[in-house]
Amino acid sequence: MKRYFITGLLMWIPLAITLWVLAWILGTLDSTMLLVPYQWRPEQLFGFDIPGLGVILTVLIILISGVVGHNIIGQRLLRYWEGLLSRIPVVKSIYNGVKQVSDTLFSSSGEAFRKAMLIQYPRQGSWTIAFMTGQPGGDVANHLTDHISVYVPTTPNPTSGFFLMVPRSEAIELDMTVDEALKYIVSMGVVPPARKPRVHKAVVPALDN
């Protein structure tokens with residue numbers, strides 16, 4: 001009975017968590033219907049709510065914003081909006097920081113979170129998986145030569161973690177995708193990626209400036 005019960009749990013827990021995450025995402029996106037005037041909402045027009053309508057509205061808003069942002073007028077409006085936000089003391093720091101991070105993460109030519117690395121952390125002899133995010137910049141680069149910047153996610157929640165700068169020679173590039181590495185981290189090592197033939201990795205190449 002114990003074996004059957006555990007087997008049943010292993011079948012239902014992943015499905016339940018997946019449905020819970022999807023329900024949370026859809027519920028969050030559906031909240032965009034609050035932007036619609038009250039008299040135009042489905043419950044007022046049809047007498048009942050339509051789940052998922054907020055998701056469609058969110059996708060349309062993003063697509064329309066992208067179309068507008070690609071033309072000359074949209075780019076001018078965007079520059080005006082960013083200039084306006086840059087004049088607000090607290091908002092300026094938050095907005096500029098978030099914008100720089102998002103531009104780096106979503107850039108097709110960027111190196112952030114493109115490579116899974118193996119580093120020694122939190123002490124010599126203990127190894128963990130990290131993601132390469134770039135190389136030290138600013139005055140830090142004057143003190144740390146031939147180092148790389150990495151993000152070490154926590155388990156089982158990879159959205160929190162630690163930012164480290166480690167010697168390039170002490171970081172091993174792994175032959176696995178970012179998705180495989182994340183799955184390995186979230187599962188606390190229970191779901192390892194498929195084992196591949198061992199390949200001796202050279203020193204991590206320097207990033208192009």
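Reader: What is Ile 119 in contact with, leaving aside its neighbours within four places in sequence?
Author: Ile 119 is in contact (heavy atoms within 4.5 Å) with Ser 126, Trp 127, Thr 128, Ala 130, Val 150, Val 152, Leu 164, Val 166, Glu 170 and Ala 171. Before we go on, please note that this is a predicted model, where local features need pLDDT of at least 70 and side-chain atom pairs count only at pLDDT 80 or more, while totals for chains, interfaces and linings use all residues. Residues are numbered from 1 along each chain as its sequence is written, and side-chain values use heavy atoms, leaving out hydrogens and water.

Reader: What makes a group of residues here the largest nonpolar core?
Author: A nonpolar core is a set of buried Ala, Val, Leu, Ile, Met, Phe, Trp, Tyr and Cys residues joined through side-chain atoms within 4.5 Å. The largest such set has 10 residues: Met 117, Ile 119, Ala 130, Met 132, Ile 148, Val 150, Val 152, Leu 164, Val 166 and Ala 171. E1, E2, E3 and E4 each give two or more residues to this core, and E3 provides the largest share, with 3 residues. There is also a second, separate core of 7 residues, including Ala 116, Ile 129, Leu 174 and Ile 185.

Reader: How many helices and strands does the chain have?
Author: The chain has 7 helices and 5 strands, counted as DSSP runs numbered from the N terminus (helices are H or I, at least four residues; strands are E, at least two). From the N terminus on, the order is α-α-α-α-α-β-β-α-β-β-β-α.

Reader: How do you know whether the span of helix H1 agrees with its number of residues?
Author: The expected span is 1.5 Å times one less than the number of residues. H1 (residues 2-30) has 29 residues and should therefore span 42 Å; its end C-alpha atoms are 41 Å apart, which agrees.

Reader: Where in H1 does a kink lie?
Author: A kink of about 25° lies at Trp 12, shortly before the proline Pro 14. The bend is the angle between axes fitted to the seven residues ending at a residue and the seven starting there.

Reader: Why is Arg 168 called buried?
Author: Buried means under 20% relative accessible area, exposed over 50%, and partly exposed in between (1.4 Å probe, protein chains only). Arg 168 has 4% relative accessibility, so Arg 168 counts as buried.

Reader: Is Met 188 buried or exposed?
Author: Met 188 counts as exposed because its relative accessibility is 60%. Met 188 sits in the segment after helix H7 (178-186) and has a positive phi of about 60° although it is not a glycine.

Reader: What makes the pair of Arg 168 and Asp 146 a salt bridge?
Author: The rule asks for a side-chain nitrogen of Lys or Arg within 4 Å of a carboxyl oxygen of Asp or Glu. In this pair the closest N and O atoms are 2.9 Å apart, and Arg 168 forms a salt bridge with Asp 146. Arg 168 lies in the loop between strand E4 (161-167) and strand E5 (172-173) and Asp 146 in the loop between H6 and E3, so the pair ties together parts that are 22 residues apart in sequence. By this rule the count comes to 1 salt bridge.

Reader: What is phi of Asp 146 near?
Author: Phi of Asp 146 is near 55°, a positive value in a residue other than glycine.

Reader: Which peptide bond is cis?
Author: The bond from Tyr 121 to Pro 122 is cis, with omega near 5°. Pro 122 is found in the loop between strand E1 (116-120) and strand E2 (127-134).
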